[in-house]
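Walk through this model one chain at a time, then look at where the chains meet.

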Amino acid sequence: MAYSEKVIDHYENPRNVGKMDAADHSVGTGMVGAPACGDVMRLQIKVSDTGVIEDAKFKTYGCGSAIASSSLVTEWVKGMTLDQAAELKNTQIADELALPPVKIHCSVLAEDAIKAAVADYKQKQGK
Amino acid sequence: MDIKQNFFEFYGLPEAFDIDLGQLSRRHLELQKKLHPDRYAHLSDQERRLSAQYTAYLNEGYATLRSSLLRAQYLLKLRGIDTHNESSTVMDPLFLMQQMELRERVEEAPQHADPEAELAALAEDVDKMMAPLQAEFCNEILAPEETSVNAAAVAVRKMQFLDKLRREIERLEDELY
């Protein structure tokens, strides 16, 4: 199976790989996994007092498409509000990266991860 | 022999997780002999095709039953749950966090002062986590209730993550030596 150029670009130069302090009250952490392939993904966001995502980091153990999907999401969500980020759809990710049908689940994983990170942040804030 | 039978029936084994692997190997040899192509050389094309079909089914069955993970997945599949092809991502967050930490340790193992010992320790950790999951699966799959089948599926999903981890450790071990 051939990866698209955008997937290869994100795979070879992943953006925003890293870790934030999960205990920090301004950080939301999303942990998701795909049992079928054993992929695990951690996506974290740092949110300003006004509810805007200032920074995002990820770490993904999985295939190129899973890494590219999470890398792309961290680029996209910077500057977004929490609500905007929670509205991201896997189809947007899959379209941008030209993922083939067998790799659509990787974009679903990334969508689930950002939603989980937003939910975690909101829970922390008691909102 | 009938390829409409499931693999357990085909091999004359009880439909359970805890099977006698020695018995499986012996049955496999017996069935292989029965199906040896030389014995069918004088037969019609159709009969030979049938024999080839049986052999393919036999080999798939052997590979499936011999591996504890594939056997567990197969038992669930017989009960209508396909954990191998599903895309659900709802997993216990604590389990995922632990997986993440283990994957990080595996990734950093080649830079460890003693990579060989670190990888061996990791493999042992994975095996220690695998054993109770297998025991849990073994019990749950015997019960017919839906809640038990679902609990068995949860155990298999975790086993799938651990299997991936185990293969990753083995890949690094191969690279080291």
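Domain bounds here come from an automatic or database domain assignment. On that basis chain B splits into domain 1 (7-66) and domain 2 (93-176). Taken over C-alpha atoms, the centres of domain 1 of chain B and domain 2 of chain B are 31 Å apart.

Some ground rules. This is a predicted model: local features need pLDDT of at least 70, side-chain atom pairs count only at pLDDT 80 or more, and totals for chains, interfaces and linings use all residues. Residues are numbered from 1 along each chain as its sequence is written, while chains are lettered from A and ligands numbered from 1 in the order in which they are written.

Now the interface. Two residues are in contact if their C-beta atoms, placed from the backbone, lie within 7 Å. By that test, 18 residues of chain B touch 14 residues of chain A. On the chain B side, the elements that give two or more residues are α5 (93-108) and α7 (146-176). Helices (H or I, at least four residues) and strands (E, at least two) are DSSP runs, numbered from the N terminus. α5(B) gives the most, with 6 residues.

Turn to chain A. Strand β2 (residues 39-47) and strand β3 (residues 53-61) of chain A pair in the antiparallel sense over 8 bridges; pairing requires that DSSP finds at least two bridges between two strands. Across this pair, Lys46(A) stands opposite Asp55(A) in β3(A). The hairpin of β2(A) and β3(A) has 5 residues between the strands. Gly51(A) takes a positive phi there, near 85°.
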